[in-house]
Amino acid sequence: MAQRTRRPLIGVTAGTRTMMSGAWAGHDAVAVNEHYVRAVREAGARPVILAPQDEWTDEEIAELDGLVLTGGTDLDPATWGEDALSTDMTPDPERDAFETALYRAARRSDVPVLGICRGLQIIVVAEGGELHRHLPVDLPEHPATGQEPTEVEAEVEAASDLALALGTRAEVTAFHHQGVRAVRGGLRIVARHASGLPLAVEAESGSSVLGVQWHPEIDGERGAALFESLLTAITHREVSAPASSLV
């Protein structure tokens, strides 16, 4: 394989937000927290902002080297046949559908994925899993992490890629009121909080997938290790790719 001559291109998902002031008040803007963009750049890659739009083909997603599914609002419960709760944030069905399709295309195209907070939940639901809808009710033992960023401790499975990046225990910054109830498909739980809440999942086979129920983009050096692990997965993918035939 030819030696890489450019930085890896990492798709970073964004949402839309109505502008509240200025000449364009009332118009929608593409919005993503700058922390994600900075973290990808500091890991040595090029962020490519992906806003909800028409579905990407497998060939198009394969032009990316990796994908980051970012945080945001709650998923639309109608997606998996449940009714809205009073504790739900306002859903964004268009973004849900776009990111779910991106994830599935990335899996088919062997593009490594890092899912962050909402991004983890996109991954879990796309694979047929279930979510806790409101942790203060569903799992009262879990710390209150829905009002502001809160440090919690993750207990990490030693036999996991996540442990290579963080070790078997890590203080991480959580900001969520929903969480993983059950995983299915090709995922396995690789980190939990002491309350029992799953905090991270990985793919058991196929393309590299890591989803975390916290915000590494604001976790400084600890968080940087996860973005670096995405770059490592990209490198491994390139090394293991079959060489082009010479005849």
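The side chain of S195 makes a polar contact with the side chain of H142, at 3.2 Å. S195 sits in the loop between β11 (187–192) and β12 (198–203). This is a predicted model. The chain averages a pLDDT of 93.

**S195 and its surroundings**

- S195 has a relative accessibility of 18%, so it counts as buried, the cut-off being under 20%.
- Beyond its neighbours within four places in sequence, S195 is in contact with L139, E141 and H142.
- H142 is therefore both a contact of S195 and its side-chain polar partner, at 3.2 Å.

**Confidence**

- A pLDDT of at least 70 is reached by 96% of the residues.
- Residues 243–247 stay under 50 in pLDDT.
- For residues 243–247 the model has zero contacts beyond four places in sequence.

**The largest pocket**

- The largest pocket holds about 760 Å³ of space.
- Its lining is made up of 31 residues.
- R17, G71, G72, T73 and R95 lie nearest the centre of the largest pocket.
- β2 supplies the largest share of the lining, three residues.
- By class, the lining of the largest pocket has 10 nonpolar, 15 polar and six charged residues.

**The second largest pocket**

- The volume of the second largest pocket is about 500 Å³.
- The second largest pocket is lined by 26 residues, with D161, S208, S229, A233 and H236 closest to its centre.
- Elements giving two or more residues to this lining are β6 (113–116), α6 (161–166), β12, β13 (209–212) and α7 (220–240).
- The largest share of this lining comes from α7, with 10 residues.
- The lining of the second largest pocket divides into 13 nonpolar, eight polar and five charged residues.

**Helix α4 and the residues around it**

- Nine of the nine residues of α4 are buried, so the helix is largely enclosed by the rest of the structure.
- The buried residues of α4 are R118, G119, L120, Q121, I122, I123, V124, V125 and A126.
- C117 lies in the loop between β6 and α4.
- C117 has a relative accessible area of 6%, which means that it is buried.
- After α4 comes G128, whose phi is positive, near 95°.

- Most residues other than glycine have a negative phi.
- C117 has a positive phi, near 55°, and is a residue other than glycine.
- D110, also a residue other than glycine, has a positive phi near 65°.
- D110 is placed in the loop between α3 (93–109) and β6.
- D110 has a relative accessible area of 36%, so it is partly exposed.

**N33**

- N33 is found in the loop between β3 (28–31) and α1 (34–42).
- The relative accessible area of N33 is 39%, so this residue is partly exposed.
- A polar atom of the N33 side chain lies 2.9 Å from the backbone nitrogen of H35.
- N33 and T70 are 37 residues apart in sequence, yet their C-alpha atoms are 8.7 Å apart in space.

**A163**

- A163 is part of helix α6.
- α6 is among the elements that give two or more residues to the lining of the second largest pocket.
- The relative accessibility of A163 is 13%, so A163 counts as buried.
- Setting aside neighbours within four places in sequence, A163 is in contact with V156, E157 and A158.
- A163 and V190 are 27 residues apart along the chain, with their C-alpha atoms separated by 8.5 Å.

Conventions. Residues are numbered from 1 along each chain as its sequence is written. This is a predicted model: local features need pLDDT of at least 70, side-chain atom pairs count only at pLDDT 80 or more; totals for chains, interfaces and linings use all residues. Side-chain values use heavy atoms; hydrogens and water are left out. Helices (H or I, at least four residues) and strands (E, at least two) are DSSP runs, numbered from the N terminus. Buried means under 20% relative accessible area, exposed over 50%, partly exposed in between (1.4 Å probe, protein chains only). A polar contact is a pair of N or O atoms within 3.5 Å; within protein, one must be able to donate a hydrogen and the other to accept it, and residues adjacent in sequence count only if both atoms are side-chain atoms. Contact means heavy atoms within 4.5 Å. pLDDT is the predictor's confidence in each residue, from 0 to 100. On a 1 Å grid over the protein atoms alone, a cavity is a set of points where a 1.4 Å probe fits but cannot get out, and a pocket is an open set with protein on both sides within 12 Å along at least five of seven lines; lining residues have an atom within 4 Å of a point. Grid points are joined across faces, edges and corners, and a volume is the space filled by probe spheres set on the points. Ala, Val, Leu, Ile, Met, Phe, Trp, Tyr, Cys and Pro count as nonpolar, Asp, Glu, Lys and Arg as charged, and the others, Gly among them, as polar.
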